[in-house]
Amino acid sequence: MRRRLLSIYRHLYRRLGPQGWWPGRTRFEIIVGAILTQNTNWANVEKAIGNLRRARLLDPVRMSALPARRLAPFVRPAGTFAVKARRLRNFLAFLHARYGGSLRRLFREAPARLRTALLDVSGIGPETADSILLYAGRMPVFVVDAYTRRILSRHRLIAPDAPYDEVQALFTHLPPDAPLYNEYHALLVAVGKKYCRTTPRCEDCPLRRDLERHGIPLPGW
DNA sequence: ACCCAGGTGGCCC
DNA sequence: GGGCCACATGGG
């Protein structure tokens, strides 16, 4: 399994190159993006983040000053904006209550403890929590999203309806290396955007051809 | 006029 | 504990 996962990674990397994820520079911006991108096209998230940036709200203290009703209009392009404004505030309340508003202190937690804590925040589920841990915290936690699922299931590495933790467990076959997990997940999203929707016929997927050519046939094909 | 996008929580049974 | 459903914008 380890060999197979690494082989997929190498072929993805060779084809698509480094992805430079997460888009967004500061830790707080990454966290905001992770919440805003829930079930939403990233282009829409960028518009919302642009609104927040222009209003100088990409800062925990400044954002905390706004009640959800005042925050929502900035978030609007990301969709489900009332919900997401509340979720941003839920995170900020959590950050303030448990870490005195300090992201530095938050990320001093051990990954497993922080994950549990984040999952207690209403509006932060497993994917959002893991995105925060990996991309904002640079912790070796693999992120499972719709693309991860779609690609792995089409390659018969998981069942299409496999539970989150089960999919994530697959990647424990890899060394716990945050930059590797970062790049790997970003590549899965990139290849998913590029091929999995426009080319639902997996026989045409260049990744599959790469793997077969190199003697790593995918099971079930 | 659909359908989808880097989910999550709240119901209902 | 599973099976729906609301949330909602912008692009194809």
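Predicted model: local features only at pLDDT ≥ 70, side-chain atom pairs only at ≥ 80, totals over all residues.

Modeller: Residues are numbered from 1 along each chain as its sequence is written, while chains are lettered from A and ligands numbered from 1 in the order in which they are written.

Colleague: Which helix supplies the largest share of the surface near DNA strand B?

Modeller: "Near" here is a C-beta atom, placed from the backbone, within 6 Å of the strand, and helices are DSSP runs of H or I with at least four residues, numbered from the N terminus. α9 (126–136), α10 (146–154) and α12 (178–196) each give at least two residues to that surface. The largest share, four residues, belongs to α9.

Colleague: Is Asn39 buried or exposed?

Modeller: Asn39 sits in the loop between α2 and α3 (42–54), and its phi is positive, near 55 degrees, though it isn't a glycine. Buried takes 20 or more other C-beta atoms within 10 Å of the residue's own, exposed 12 or fewer, partly exposed is in between, and C-beta atoms are placed from the backbone. Asn39 has 8 C-beta neighbours inside 10 Å, so Asn39 counts as exposed.

Colleague: And Leu36, buried or exposed?

Modeller: Leu36 is in helix α2 (residues 27–36). Beyond its neighbours within four places in sequence, Leu36 is in contact (C-beta atoms, placed from the backbone, within 7 Å) with Val45, Ala48, Ile49, Val75, Ala78 and Lys84. Leu36 has 27 C-beta neighbours inside 10 Å, so Leu36 counts as buried.

Colleague: How are α1 and α13 oriented to each other?

Modeller: The axes of α1 (residues 2–16) and α13 (residues 206–213) come within 10 Å and cross at roughly 125 degrees. Axes are lines fitted to C-alpha atoms over the stretch in contact, with angles from 0 to 180 degrees between N-to-C directions. Under 35 degrees is roughly parallel, over 145 roughly antiparallel, 65 to 115 roughly perpendicular, and the rest oblique. That's why α1 and α13 are oblique.

Definitions and conventions:
Contact = placed C-beta atoms within 7 Å.
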